[in-house]
2 protein chains.
Amino acid sequence: MTAADPDAPRSRGAYAKGIARRQEILDRAIEVFAQRGSERTSLRAIAREVGVTHAALTHYFGSLEELLVEVYRESEADADSHVAPPVEVTPGEAMRISAEENRAIPGLVQLYSRLVAASLEEGHLAAHTFVTERFARLRASMADGVRRHQDAGRIRADVDPELVAALVIAASDGLQTQWLLDGAVDHEAALSMLDRLLAPPA
Amino acid sequence: MTAADPDAPRSRGAYAKGIARRQEILDRAIEVFAQRGSERTSLRAIAREVGVTHAALTHYFGSLEELLVEVYRESEADADSHVAPPVEVTPGEAMRISAEENRAIPGLVQLYSRLVAASLEEGHLAAHTFVTERFARLRASMADGVRRHQDAGRIRADVDPELVAALVIAASDGLQTQWLLDGAVDHEAALSMLDRLLAPPA
């Protein structure tokens, strides 16, 4: 919080107003990113397009990377809310549905790749924390699903649910990248094949 | 080629000299990247550290992205030359060996992620071309290997070699990312599991 920021909360009412203002800026930033992509965009340029001061943007989001994380987090939550996959859905099918939803939002896949790349480099704490936690959450939730499938006899019993979760998420991310670069790569067929390999022997 | 560049080739002898000079700059750039990573480094800063003029660097490599592609290409070729996997090696095992070799070179995995992220964004022709061609080459070579394994009865006959190749490469890339962010993710065990799933039913 900087003294120079006109939106700086000073009381409980102001705090609620600050939350609303932050969300307003975030919503507008999501629109801006969807229109122009996340590339080569300074915090100052975004502030101009979003229609806020650079000081306000810094106040609410700290850095461009933190804003990018929030844009991704919110856009992905939006995408996921459109489809609730049935519980019986196989791991590969669940990733296929989620990837399809993400691809429907312009720029989201590119933003994801950019955050993952940043998370692997030194000095990108916001991206590192977000991507690491996102993978951990996804793996835990998918491992639970794999256990349920194993109990129901839909996934072979001799595979480690944690390893299957990591493998399916990795395969989906990597296949989507290959497919975006070369449409001949059949992302969906490869995930279906993985589902088939995970099924119990007939 | 710019008139201002002192290294600009003017004859056949000068051309050979130019090739040698380009290689010299590239070798030094690889050292610089291994020491400091590829992040937030302008062509001008690299030129300074490599000890050439900015004009010479532009002359030989055009853009920072083209230099990054060349640094990656050369470093990976170096890494690959250390180990020649035996022909009988399974797809997952081949990726495990290659990933291990790449990780031994500081900064190489980060540079790879950065090039892949760039390849998905508009206006990154050098990264797009390099990453797209690299995936196509890797898939073709691995699909050939899968066919040989199928002929020898080491991989089940009912899977499409092209899909297996795309899947194994995707899984390896994605697992390496998850493992770099969280050492508890067992990259190697997950690739071994995939090899096991691909084996013919007992």
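Trainee: By what turn and what shift along the axis can chain A be laid on chain B?
Mentor: A turn of 180 degrees and a shift of 0.0 Å do it, with an RMSD of 0.0 Å. The superposition is by least squares on the C-alpha atoms of residues with pLDDT of at least 70 in both copies. The copies are therefore related as by a two-fold rotation axis. A171(A) comes closest to that axis of the residues of chain A, at 2.1 Å (C-alpha).

Mentor: A word on conventions. This is a predicted model, where local features need pLDDT of at least 70 and side-chain atom pairs count only at pLDDT 80 or more, while totals for chains, interfaces and linings use all residues. Residues are numbered from 1 along each chain as its sequence is written, chains are lettered from A in the order written, and side-chain values use heavy atoms, leaving out hydrogens and water.

Trainee: How do you know that the copies meet through the same surface?
Mentor: Because 100% of the interface residues of chain A are also interface residues in chain B. With contact meaning heavy atoms within 4.5 Å, chain A gives 44 residues and chain B gives 44 residues.

Trainee: What area do chain A and chain B bury between them?
Mentor: About 3800 Å², with 69% of it on carbon and sulfur atoms. Buried area is the accessible area (1.4 Å probe) lost by two parts on being put together, summed over both. L120(A), L181(A) and L197(A) supply 19% of what chain A buries against chain B, more than any other three residues.

Trainee: What makes D182(B) and R139(A) a salt bridge?
Mentor: The rule asks for a side-chain nitrogen of Lys or Arg within 4 Å of a carboxyl oxygen of Asp or Glu. The closest N and O atoms of D182(B) and R139(A) are 3.3 Å apart, so the pair meets that cut-off. Across this interface the rule finds 4 salt bridges.

Trainee: Which element gives the largest share of the side of chain A that touches chain B?
Mentor: Helix 8 of chain A, with 13 residues. Helices here are DSSP runs (H or I, at least four residues), numbered from the N terminus.

How values were computed:
Helices (H or I, at least four residues) and strands (E, at least two) are DSSP runs, numbered from the N terminus.
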